[in-house]
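Here is a short report on ring contacts and surface features. Take a look at the model first.

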Amino acid sequence: PVLGTIIRAFGGFSIGGTLEEKAKSLFYIRSVLEDKGSVLIFPEARLVRGNHTFEDFQKGYTYLMIENTQVILAKLEHFHSLLQHFFSKKRPQITFYTIDSNVSKEDALLAIKTFYSK
């Protein structure tokens, strides 16, 4: 509840539960990007434990890949149980990767798939 309040204070929102709400959200997010705004997206839209494949991502973000938009990918691993991993070799880690704005949509989608499939 506290984190949700903080996220909403910075403009965060849920894309919705119905197909119509999701479509409206995608159009809104794309308009923000076209106006050179920034967007932070969690393509899984949920906490994932254990192994996860890129194919399980929600596919709506591919609509947001527009020309001249820089994409910064982030992968958060081993955060689902901090106490369990405190003494483990699998420490929580965040990995970033930047896709240049001059990359084609196809190359950007391939880079996203490659980054999240590692």
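Tyr116 is buried, with a relative accessible area of 15%. That value falls under the 20% cut-off, so Tyr116 counts as buried. This is a predicted model.

Phe115 is buried too, at a relative accessible area of 6%. The rings of Phe115 and Tyr116 have their centres 4.9 Å apart. Their planes stand at 80°, so this pair is edge-to-face.

A pair of aromatic rings is described by the distance of the centres and the angle of the planes. The structure holds 4 aromatic pairs. One of them joins Tyr97 and Phe115. Here the ring centres lie 6.1 Å apart and the planes are at 20°, so the pair is stacked. Tyr97 is partly exposed, with a relative accessible area of 41%. Together, ring pairs make a cluster of Tyr97, Phe115 and Tyr116.

| Ring pair | Centre distance | Plane angle | Class |
|---|---|---|---|
| Tyr97 and Phe115 | 6.1 Å | 20° | stacked |
| Phe115 and Tyr116 | 4.9 Å | 80° | edge-to-face |

Which charged end sits over the ring of Phe115? It is that of Lys75, 4.8 Å from the ring centre. Phe115 therefore has a stacked partner in Tyr97, an edge-to-face partner in Tyr116 and the charged end of Lys75 over its ring. Another charge over a ring involves Arg30 and Tyr63. Arg30 lies over the face of Tyr63, at 4.6 Å from the ring centre.

Now the surface. Ile72, Leu76, Ile94 and Phe96 make a nonpolar surface patch of about 440 Å². Strand E1 (71-77) and E2 are the elements that give two or more residues to this patch. Leu76 is found in strand E1. Its relative accessible area is 52%, so Leu76 is exposed. The cut-off for exposed is over 50%.

One backbone angle also deserves a look. Most residues other than glycine have a negative phi. Lys36 has a positive value, with phi near 65°. Where does Lys36 lie? Lys36 is in the loop between helix H2 (19-34) and E1. Is Lys36 buried or exposed? At 63% relative accessibility, Lys36 counts as exposed.

Conventions: Residues are numbered from 1 along each chain as its sequence is written. This is a predicted model: local features need pLDDT of at least 70, side-chain atom pairs count only at pLDDT 80 or more; totals for chains, interfaces and linings use all residues. Side-chain values use heavy atoms; hydrogens and water are left out. Rings of Phe, Tyr and Trp (its six-membered ring) pair if their centres lie within 6.5 Å; planes under 30 degrees apart count as stacked, over 60 as edge-to-face and the rest as tilted. Buried means under 20% relative accessible area, exposed over 50%, partly exposed in between (1.4 Å probe, protein chains only). A charge sits over a ring if NZ of Lys or CZ of Arg is within 6 Å of the ring centre and within 35 degrees of the ring normal. Patches are made of residues with over 30% relative accessible area and no salt bridge: like charges are joined within 9 Å, nonpolar side chains (Val, Leu, Ile, Met, Phe, Trp, Tyr) within 5 Å. Accessible areas come from the Shrake-Rupley method with a 1.4 Å probe; for residues, only the protein chains shown count as cover. A salt bridge is a side-chain nitrogen of Lys or Arg within 4 Å of a carboxyl oxygen of Asp or Glu. Helices (H or I, at least four residues) and strands (E, at least two) are DSSP runs, numbered from the N terminus.
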